[in-house]
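Good morning, everyone. I have one chain to show you today. Please take a look at it first.

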Amino acid sequence: MSTNDVSRAPARIDSADPRAARVRDRLRRASFELIEERRVERISVSDITQLAGVSRQVFYQHFRDRDDAVAQAVAASFRELTPEAGEDPRAVIHRLCDFSARHADLYRNLYPSAASQQTANAYRDLLHPACVQLVEHLPDPETLADFVLGGIIEVIRLPAEGARGPATAESLRRRVDACLDAIGRPRARTA
């Protein structure tokens, strides 16, 4: 991180103060709502602060810029997708399909933007363990997990961007499951 990046780092990003957490959550919700309505480049910091009911100064205490707020809002929305211990990896991937179908407008509005790479990284972090679990019975599971992960993201991304028909949860699950069936079922984990 350069000296300039440090000076631009938000002051309250890791604050344990519950008031700061509530403000940060309001800003994330406002960012999420706006990205579902319009493309990132048509959203301003003023739009976010007005919807959240805070000042620009407060915004910059929590986020570096608009793209940071949008990316963090989308990443925070992935919390509902977090796998439970011992959960079937397909269930995690199915939740992602359902989430992507519910928020197809968000993905169309997000890509391409500076926030889209941060969002893709959050997807990868969430899905990578499930992908490893799916292929750990095959030779070279780490490489295959990365390959499967890229394929899942691509299968979900294309319909969300309007290619290959409408993005419904059922259509996304069907497409992903067709690919996963070719890999086979992971072995049951032993405790």
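**One residue, then the whole chain**

Let's start with Val-176, which is found in helix 10. Before going on, a word on the model: it is predicted, so local features need pLDDT of at least 70, side-chain atom pairs count only at pLDDT 80 or more, and totals for chains, interfaces and linings use all residues. Residues are numbered from 1 along each chain as its sequence is written, and side-chain values use heavy atoms, with hydrogens and water left out.

Is Val-176 buried or exposed? Val-176 is buried, at 2% relative accessibility. Buried means under 20% relative accessible area, exposed means over 50%, and partly exposed is in between, with a 1.4 Å probe and protein chains only.

What does Val-176 touch, leaving out residues up to four places away in sequence? The answer is Ile-93, Cys-97, Ile-152 and Val-155. Touching here is contact, meaning heavy atoms within 4.5 Å. Take Ile-93. Val-176 and Ile-93 are 83 residues apart in sequence, yet 8.2 Å apart in space, C-alpha to C-alpha.

Now the pocket. Val-176 is one of the residues lining the largest pocket. Others include Phe-147, Gly-151, Cys-179 and Ile-183. A pocket is an open set of points on a 1 Å grid over the protein atoms alone, where a 1.4 Å probe fits, with protein on both sides within 12 Å along at least five of seven lines; lining residues have an atom within 4 Å of a point. Helix 9 (141-160) and helix 10 (169-183) each supply at least two lining residues. By class, the lining has nine nonpolar residues, one polar and no charged.

Next, Arg-24. Arg-24 sits in helix 2, residues 18-37. Arg-24 is buried, with a relative accessible area of 8%. Its side chain makes a polar contact with the side chain of His-62, at 3.4 Å. A polar contact is a pair of N or O atoms within 3.5 Å; within protein, one must be able to donate a hydrogen and the other to accept it, and residues adjacent in sequence count only if both atoms are side-chain atoms.

Last, the whole chain. How many helices and strands are there? There are 10 helices and zero strands. These are DSSP runs, numbered from the N terminus: helices are H or I with at least four residues, strands are E with at least two. Buried residues make up 45% of the 191 residues.

Conventions. Nonpolar A, V, L, I, M, F, W, Y, C, P; charged D, E, K, R; others polar.
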